[in-house]
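Here are my notes on this structure, as numbered points.

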Amino acid sequence: MTGYEALAEVYEWLISDPKLTPAGFAAAFDDVTRLLPSDARVLDCSCGTGQLAVGLAGLGLQVVATDASAAMVGRTEQLAEEYGASVRTVRSDWHELTDQLDVASFDMVFCVGNSLHHAEGARARFVALESMSRLLRPGGRLVLTSRTWELVRAGGSRLDIGHHLVRRNGRDALVIYRWEIAPHWEQEHHIEIAVAEVAADGSVDVRSEVLSCWPYRYDELESDLHRLGLRVEKSTFDPEAEGYLVVATRQ
Ligand SMILES: C[S@@+](CC[C@H](N)C(=O)[O-])C[C@H]1O[C@@H](n2cnc3c(N)ncnc32)[C@H](O)[C@@H]1O
């Protein structure tokens, strides 16, 4: 189960302003991309609509972009074409990555933007991280960003309605998140995301999708990385902050 087939069409309303352009998205990772040699090979393995992949190609890197959602891969291809960027795209679930790409061939693998929680539980999450790790050259780095699920779960089930309209391509929409928090960490959780586009005549067109996710604690993630021989080089984890970044190096 992948999801994002409906949200792929309206995904720009879910991306923050600074990350809307490829250059802006890639700039958010300047601290890690500056560690790469100029001809490095990098993978974005949950590429979504492709801003990061196209931004990395703009830095002169050799980029492969994969995603489980065919609609997302299609949007990445469109964006790469629009920017004249050279990005190889492959539709791939994380567990299929090592069948489709050469192991030990990447200097950096990105899995960013609240993607990993879509792996269906602890075992699938470990397998996903293992695939990403196997694609790295020794000394290569895995770059992950994540929601702080400790904080999300503490907030309980709720409705988060945007406080103002978001404007994209001259069109306004209100973004609504409905969080369905299960009683136990290991259970399937749901996030329903609705993008309600408000036209000039006041009519409203809603695109929405219910996404499944399986949350994890930071400690579990760190322990998985450790078991896979990945050394955490940098972590911004703070239980009070909304999200964090982890950079882990393959030994
Ligand atoms: C929240 S989006 C993030 C997209 C992009 N990285 C960003 O930051 O905008 C999560 C992405 O993970 C992808 N995804 C979900 N399950 C996946 C899986 N099992 N294997 C690979 N990608 C998956 C979705 O299709 C979606 O594009």
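1. Leu159 stands opposite Arg178 in β8. The model is a predicted one, and this applies to every point below. The pair belongs to the antiparallel pairing of strand β6 (residues 158-161) with strand β8 (residues 171-180), which are joined by 4 bridges.

2. Strand β8 also pairs with β7. Strand β7 (residues 166-168) runs antiparallel to β8, with 3 bridges between them. Here Val166 has Ala173 of β8 as its bridge partner. The hairpin of β7 and β8 has 2 residues between the strands, and Asn169 takes a positive phi near 50° in this hairpin.

3. A further partner of β8 is strand β9 (residues 189-198); 9 bridges join the two, again in the antiparallel sense. In this pairing Tyr177 is found opposite Ile193 of β9. As background, strands of a sheet pair through backbone hydrogen bonds, in either the parallel or the antiparallel sense.

4. Elsewhere there is an open sheet of 7 strands with mixed pairing, in the order β3-β2-β1-β4-β5-β12-β11. Which strands stand at its edges? They are β3 (87-91) and β11 (230-235); each has a single partner strand, so one side of each is left without a neighbour in the sheet. On average, neighbouring strands of this sheet are turned by 20° against each other, direction ignored.

5. Strand β1 (residues 41-44) pairs with strand β2 (residues 62-67) in the parallel sense, over 4 bridges. Asp44 has Ala65 in β2 as its bridge partner. Helix α3 (residues 51-58) packs on the sheet and touches β1, β2, β3 and β4 (106-111). The direction of α3 makes about 175° with that of β2.

6. Now the ligand. Which residues come nearest to the ligand? Of the 19 residues around it, these are Tyr4, Ser46, Asp67, Val112 and Gly113. Asp67 also falls within the residue range of β2. By class, the shell has 8 nonpolar, 9 polar and 2 charged residues.

7. A nitrogen atom of the ligand lies 2.6 Å from a polar backbone atom of Ser46, and a ligand nitrogen is 2.9 Å from a polar backbone atom of Val112. For Asp93 the side chain is involved: one of its N or O atoms is 3.2 Å from a nitrogen atom of the ligand. Taken alone, the ligand exposes 600 Å², of which the protein buries 94%.

Definitions and conventions
Residues numbered from 1 in each chain as written. Predicted model: local features only at pLDDT ≥ 70, side-chain atom pairs only at ≥ 80, totals over all residues. Heavy atoms only, no water. Near = heavy atom within 4 Å. Polar contact = N/O pair within 3.5 Å; in protein donor to acceptor, adjacent residues only side chain to side chain. Areas by Shrake-Rupley, 256 points an atom, 1.4 Å probe, with all protein chains shown as cover. Nonpolar A, V, L, I, M, F, W, Y, C, P; charged D, E, K, R; others polar. Pairing = 2+ DSSP bridges. Axes fitted to C-alpha atoms, helices over the stretch in contact; angles between N-to-C directions. Contact = heavy atoms within 4.5 Å.
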